[in-house]
2 protein chains.
Amino acid sequence: MNLRYAIVGTGAIGGYYGGRLANAGKEVHFLFNTEYEYVKNNGLKVDSVVGDFVVNPINAYKASMDMPKCDVVLVALKSTRNNQLKQILPPLLHNDTVIVLIQNGLGLEAQLAADFPNHTIAGGMAFICSSRIGVGHINHADYGALNVGFYQLPKITVLQQISSDFEQAKVPFAIAENLNEARWRKLVWNIPYNGLTVALNTSTDKLMQNADTRALVTDLMNEVLDGAAACGEKIEPEFVDKMLSMTDAMKPYAPSMKLDFDNHRTLEIQAIYSNPIATAKAAGCYMRKTEMLAQELKFLDGVGC
Amino acid sequence: MNLRYAIVGTGAIGGYYGGRLANAGKEVHFLFNTEYEYVKNNGLKVDSVVGDFVVNPINAYKASMDMPKCDVVLVALKSTRNNQLKQILPPLLHNDTVIVLIQNGLGLEAQLAADFPNHTIAGGMAFICSSRIGVGHINHADYGALNVGFYQLPKITVLQQISSDFEQAKVPFAIAENLNEARWRKLVWNIPYNGLTVALNTSTDKLMQNADTRALVTDLMNEVLDGAAACGEKIEPEFVDKMLSMTDAMKPYAPSMKLDFDNHRTLEIQAIYSNPIATAKAAGCYMRKTEMLAQELKFLDGVGC
């Protein structure tokens, strides 16, 4: 049986992963917003370090009610728009649909589960440098792995087929045994770099080269480890060094939150900062510098850039 | 006996207080830097909420070696230039000269005392909104009190005469019984507002109007109280509310550090942040958010605005 995929939120992340699957011959249906007309006529163009391609013709839609029911729904909206999923998702779902939230942060699956208690929900973590560089045009600059774990009502055999489909589509894929731990691990990178590039109007390489911000990045990472540990997820201390070394080796990079800020889009503060801080606080861990960064970001989010 | 005053660092603060004394008929000798030629010819102009005036003619100098020995030396340089005091001060000093550091932060008197162990050293805290708005031109927008306490070799009768001179010159003057406590109290205001207006490129009123930065300001103030308490200086918790209310009542204001940043001058991070953080840490108190603000400021100080 071939899986039918839906991409909800065809931006830098959804467009790349959905585009890869379509390019590998899988059946993929893409939900667009403002780019619909352009992409319908011109296709979706992806420049990628592992090979450029164009998806044309493309199964493009401007409303989910026009789309077929799918076996796998990959949600790659900004998490600030997740309140729209209650309206967007129902036309796409049959009883066995697997919904995968490919987003950053904590608490998003729980929020979705409140509206869809009887559906399989998974979380996906994208380890990728990808950005929208024009209408219907995505640039995949580095990395690309996808890591998926279940939140509720797991369907292991379907996930194995999803894994196989992605591997055929040149996307390194891993199954996360413990979604909560995997989400905290991702936060070890996201919490320092997403926020500090916005607050200090800079890029990852400059944060690493300055001794004070390098120390601050390290402090924030250690706070995430403390928060995770308070919530029962032990992350080995060496993971901090691994993330620092990985970032040292990266090209200068503006994380998604920096791109959002520079493009006057609402910041994903709730999922990436407020939810982890509140969860850790409830477990007895006060993430003080992380909280300060969230306070600064909420101020800047209101002011604009 | 009339006291002879020297002003070392005739900027927004030194120019205002020295100007007030001169305008009240006291003997004041002003050390200038780049403004010397202009002020020698045109005088020092002060626009003030308690009355405008011009000091002309003025005892202006461009090097301390040309100045007479004085009874009171008011140092109002940026503290980042205090390493120059070892060269600047000796021509101005007789055995009984009182040196007053009118600067913000902690540890400055101790640093000076290492070079001048046998002179009377005091610290001064200026509660004033004053800024340089042109060459030889100062604007005093609000407040104006001066608070002075001894660091070493106190001379109470001289300080009483200084107090009387300032009161005659329309400057509210108070004697601080405990300089260390008074310095910590001043930091309760300086630590949040100086740094956050730079880090978030904003002004005091905007910090107060946003719920998140208002909470952050309060957090930082409470950390300063914790730091002070660890160092043996108890400040009553109501002092935080008092500082918040005072700032609510102020006109929108850019603190000196914001003006320094916008004018590409070196920031006074060492005195206002690094020294208090290190002193508190040595006493067992970790000022975590204050440290983060210092880390951000050190990064921004290197980048420029």
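**A tour of chain A**

Select A:Cys285: at 12% relative accessibility, this residue counts as buried. Buried means under 20% relative accessible area, exposed over 50%, and partly exposed in between, with a 1.4 Å probe and protein chains only.

This is a predicted model, where local features need pLDDT of at least 70, side-chain atom pairs count only at pLDDT 80 or more, and totals for chains, interfaces and linings use all residues. Residues are numbered from 1 along each chain as its sequence is written, chains are lettered from A and ligands numbered from 1 in the order in which they are written, and side-chain values use heavy atoms, without hydrogens and water.

Next, pick A:Cys129, which is buried at 7% relative accessible area.

Now show strand E9 of chain A, residues 137-152. Helices (H or I, at least four residues) and strands (E, at least two) are DSSP runs, numbered from the N terminus. Two strands pair if DSSP finds at least two bridges between them.

- Strand E8 (residues 120-134) runs antiparallel to E9(A), with 13 bridges. Find A:Gly124 opposite A:Val148. Two residues separate the strands in a hairpin, and A:Gly136 in the turn has a positive phi of about 60°.
- Strand E3 (residues 44-48) runs parallel to E9(A), with four bridges. Here A:Asp47 partners A:Asn139.
- Strand E10 (residues 173-175) also runs parallel to E9(A), with three bridges. A:Val148 partners A:Ile175 there.
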